[in-house]
Amino acid sequence: MLLRDRKVIVTGGPTVESIDPVRFISNRSTGKMGKALADEAAVRARETVFIHGPVHESLIDGVEYRTIAIESTEELLEAVKGELAPDAVLVMAAAPADYRPAKKSPVKIKKKKEELVLRLVKNPDILRTVASIRSVNPAYGGVFLAGFAAETNNLEEYALAKLREKDLDMICVNDVGRSDAGFGVNTNIVTVFMRGGERMELPLMSKRDTASRILDCVEEGLTKKTTQLLT
Ligand code: CTP
């Protein structure tokens with residue numbers, strides 16, 4: 001089954017974890033890569049849904065596919081699980097916050113003390129959770145998982161470790177330390193690693209063109225996966 005027969009779930013943007021009603025922890029993701037992937041998926045797939053954290057409203061204004069707004073990583077996980085289907089392709093371009101405050105204060109914390117220690121607890125990993133649903137439930141055996149790795153150093157080593165440890169079908173790595181790739185800019189330089197060991201280095205391109213090349217890789221990966229499931 002190629003993308004035209006598939007439901008594509010794209011996630012994008014950051015998640016935010018509240019400390020109190022006023023303050024939060026988040027990261028520098030703007031959702032531009034996720035939005036480019038959702039736009040491209042909408043051209044190719046049977047159905048597209050874009051699940052996004054807090055992003056600028058102009059990013060999703062007028063888009064012709066379904067969008068779901070979430071705030072925290074736990075909400076993102078629930079939304080992804082709610083959309084998951086046996087024919088789903090999950091493209092996890094979001095940058096979920098890895099930790100959340102152990103306690104969320106219901107009232108604004110006052111600045112009385114000289115030091116404030118914030119205890120953080122680990123958030124669930126969405127890709128790992130979906131990979132484990134896929135591994136225990138044969139109906140979901142055809143789900144395709146594409147991850148991203150935002151790195152500043154040892155790009156290939158970290159990307160390949162994430163591909164293996166999260167049981168992904170492919171991973172796209174980008175160097176977020178560069179000024180022409182990563183957060184907030186309109187261009188990207190991505191290398192794609194496939195489960196079977198193939199590697200594709202994409203040149204510096206617009207995020208939309210990068211999205212198109214990434215979805216070409218998804219289509220190739222889907223063809224292989226379908227062949228493997230049938231043999
Ligand atoms: N991801 C996820 N659930 C999380 C965190 C990340 O599914 N709680 C996904 C991201 O959307 C991305 C991939 O995992 O597709 C890798 O994310 P990244 O932030 O690069 O790596 P982490 O797994 O968070 O590890 P680290 O921060 O240690 O690099």
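A polar contact is a pair of N or O atoms within 3.5 Å; within protein, one atom must be able to donate a hydrogen and the other to accept it. The model used here is predicted.

**Exercise 1.** Determine whether Glu151 is buried or exposed, and identify the side chain with which the side chain of Glu151 makes a polar contact.

Solution. Begin by locating the residue: Glu151 belongs to strand S9. Next, consider its relative accessibility, which is 8%. Buried means under 20% relative accessible area. Glu151 therefore counts as buried. Finally, its side chain makes a polar contact with the side chain of Lys162, at 2.5 Å.

**Exercise 2.** Describe the shell of residues around the ligand.

Solution. There are 14 residues around the ligand, and those that come nearest are Met92, Ala94, Phe148, Lys162 and Lys166. By class, the shell consists of nine nonpolar residues, one polar residue and four charged residues. Helix H4 (126-136) and strand S9 (144-151) each supply at least two of the shell residues. The largest share, four residues, is that of S9.

**Exercise 3.** Which polar atoms of the protein lie 3.0 Å, 2.8 Å and 2.5 Å from atoms of the ligand?

Solution. A polar backbone atom of Ile126 is 3.0 Å from a nitrogen atom of the ligand, and a polar backbone atom of Phe148 is 2.8 Å from a ligand oxygen atom. Turning to side chains, an N or O atom of Lys166 is 2.5 Å from an oxygen atom of the ligand. Of the 570 Å² of accessible area that the ligand has on its own, the protein covers 76%. The space that the ligand takes is the largest pocket.

Note on methods: Residues numbered from 1 in each chain as written. Predicted model: local features only at pLDDT ≥ 70, side-chain atom pairs only at ≥ 80, totals over all residues. Heavy atoms only, no water. Near = heavy atom within 4 Å. Areas by Shrake-Rupley, 256 points an atom, 1.4 Å probe, with all protein chains shown as cover. 1 Å grid on protein atoms, 1.4 Å probe; cavity = no way out; pocket = protein on both sides within 12 Å on 5 of 7 lines; lining within 4 Å. Sits in = over half its atoms within 2 Å of the grid points. Nonpolar A, V, L, I, M, F, W, Y, C, P; charged D, E, K, R; others polar. Buried < 20%, exposed > 50% of the residue type's maximum accessible area, 1.4 Å probe, protein only.
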